[in-house]
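Biologist: I would like to go through some labels and ask what each one rests on.

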Amino acid sequence: MKTLPMYFLSLVLALAASAADARLYEMRTYTATPGKFEAMQARFRQHTCRLFERHGMANLGYWTPLEEKDGAGARLIYVLAHPSREARERAWKAFLADPEWQAVYRATEAGGKLVEKIEVRLLTATDYSPAIAPPGAGGPRVFELRTYTAAPGRLDALQARFRDHTLGLFEKHGIRNVAYWTPATGDPGAEDVLIYLVAHPSREAAGEAFKNFGADPAWQQARRESEEKAGGSLTVPGGVKSVFLQATDYSPLQ
């Protein structure tokens, strides 16, 4: 009997594990007030993450962009999971009304607000997204958050290419698939955006892996055939964005 490549086996197992993932994911980006980034992180580390769990919000991962420090524009990006949109609404209401959170908020904001801006995206897992790894699995490594904006009417074709080709080829070249999402139905980008998270041993390894991936004849054929079938590029010009991330010390996913 012919043995299947390991990257193909891992993909099959990931697909099976994620088939029933109907949770609502919440990606939140906090831009700290200049000079308050460490204080904001300390509040998450010491209080917020625990209180999230108290109210049924599952902490999945907390990251900071590699290039950003405690200055203007410093960001924290994190992902929570909820059983449903309704559960999310109940959880946030209970969290904000929690006397312990209110006391923590007052104490930590006494010298000025810690957060300058909050961005929220509600997401659902694609049918090919791997199961999220258990807490602490995988480190040390760097993460890469990639956002693709599909050309009009071509999100399904883009997803088919990821499902049928890209995920397996990523694993072949040492790019670890972590999670794949699209914005929740009715939210901005639901019709044309794919957001995914991959991991690399290092920033340098990421560059080498994508170089080898791009030169792989199997990828070149998959790209060529998918674009011929769709009648052009599956993404809009400039529609691929990437940011490299490092997990915080308090992130469950490392």
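Modeller: Start with Ala 58, whose bridge partner in E3 is Ala 81. This is a predicted model: local features need pLDDT of at least 70, side-chain atom pairs count only at pLDDT 80 or more, and totals for chains, interfaces and linings use all residues. Residues are numbered from 1 along each chain as its sequence is written, and side-chain values use heavy atoms, with hydrogens and water left out.

Biologist: What makes strand E2 and E3 a pair?

Modeller: Strands (E, at least two residues) and helices (H or I, at least four) are DSSP runs, numbered from the N terminus. Two strands pair if DSSP finds at least two bridges between them. E2 (residues 58–65) and E3 have five, in the antiparallel sense, so they qualify.

Biologist: Why is strand E3 called largely enclosed?

Modeller: Buried means under 20% relative accessible area, exposed over 50%, and partly exposed in between (1.4 Å probe, protein chains only). Seven of the eight residues in E3 (residues 75–82) are buried, so the rest of the structure largely encloses this strand.

Biologist: How do you know that Asp 249 and Arg 45 form a salt bridge?

Modeller: The rule asks for a side-chain nitrogen of Lys or Arg within 4 Å of a carboxyl oxygen of Asp or Glu. Here the N to O distance is 2.9 Å, so the pair meets the rule. Asp 249 lies in the segment after strand E8 (235–247) and Arg 45 in helix H2 (residues 37–54), 204 residues apart.

Biologist: Why is Asp 249 called exposed?

Modeller: Its relative accessibility is 58%, so Asp 249 passes the cut-off for exposed. Arg 45, at 36%, is partly exposed.
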